[in-house]
Amino acid sequence: MSVHVQNSRMTTAKLRQMKANGEKIAMLTSYDFTLASLVDEAGIDMLLVGDSASNVVCGNNYTLPITVDEMIFLTRGVVRAAQHALVVCDMPFGSYQVSEEDAVRNAIKILKESGCDAVKLEGGEEILPAIRHMIQAGIPVMGHLGLTPQSVNQFGGYGLRAKEEAEAEKLLHDAKLLDEAGCFSIVLEKIPAALAAKVTQAVSCPVIGIGAGNQCDGQVLVLHDMLGLNQGFKPKFLRHFAHMADEVKSAVGEYISGVKDSSFPSAEESY
Ligand code: KIV
């Protein structure tokens, strides 16, 4: 069932207002026009063209291989679909770590060529100069702390982050820096719920959680995961809101049978 969709587009100012009003923010990933249209029509607040496209769309084990041009290609379809949602494009690995100039140049390219509203990048104090330059250039920036998949080789896996006091303190410090620098929002991925709640209280911008408990200002999930399309992936934080892998396989099975026994196409389906 479709939720009532406001006529006006979501903005970073409205997201801040939602936090102030205690109204939760719902975000999902999208990578193509057709699914993004449905998600937007259902009333989602933000669409994220995540670099998880590297896994979900391209079949890689990591987010690292996807390029700026590939992200732009995918984001264009999502932007065409979005009538209401604010569209955020992930800056892929290597597009913002080399230098501040490089980061701003790539962010401008992504905004100009894809038409998205904002970019997201992973990291704290280490990438603060790049974030400041982007914000000075007028680019809305979303931060991402905790489990930052582009650093998987440094972390040695996708486990829970910031369990220990030192890492938790650094995360809180980083979140405050990103907030002060002017990030319009921050994603917190796979960290203890109590820490996420503390960060959410400590910063003025909306905090969006994934595997970070329910005290954040909003939630994000990978669309294919929550639709149950990706059968092999079921971490604790993920809820399957549908079981679409079964539906897809059953529909395809019926189609194959119809073709094999010549019941498809029928006379009514023929010219
Ligand atoms: O790439 C992605 O899908 C993300 C979300 C998991 C937040 O960054």
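Predicted model: local features only at pLDDT ≥ 70, side-chain atom pairs only at ≥ 80, totals over all residues.
Let me begin with strand β6, which covers residues 185-189. Taking buried to mean under 20% relative accessible area, we find that 5 of the 5 residues of β6 are buried, and therefore the strand is largely enclosed by the rest of the structure. In a regular strand, side chains alternate between the two faces of the sheet. Here S185, V187 and E189 point one way from β6, while I186 and L188 point the other way, and all are buried.

Which strands, then, pair with β6? One of them is strand β5, residues 141-146, which runs parallel to β6 and is joined to it by 5 bridges; within this pairing, H144 has V187 of β6 as its bridge partner. Another is strand β7, residues 207-210, which pairs with β6 in the parallel sense over 4 bridges, and there I186 is partnered by V207 of β7. Together with helix α9, residues 193-202, the strands β6 and β7 make up a right-handed β-α-β unit.

Let me now turn to the helices. The axes of helix α2, residues 33-41, and helix α4, residues 68-81, come within 8 Å and cross at roughly 35 degrees, and the crossing is right-handed. On the α2 side the contact involves F33, A36, S37 and D40, which meet G77, V78, R80 and A81 in α4.

Notes. Residues numbered from 1 in each chain as written. Heavy atoms only, no water. Axes fitted to C-alpha atoms, helices over the stretch in contact; angles between N-to-C directions. Helix = DSSP H or I, 4+ residues; strand = E, 2+ residues; numbered from the N terminus. Left-handed = near helix turned anticlockwise from the far one by under 90°. Contact = heavy atoms within 4.5 Å. Buried < 20%, exposed > 50% of the residue type's maximum accessible area, 1.4 Å probe, protein only. Pairing = 2+ DSSP bridges. Right-handed = clockwise from strand over helix to strand, strands pointing away.
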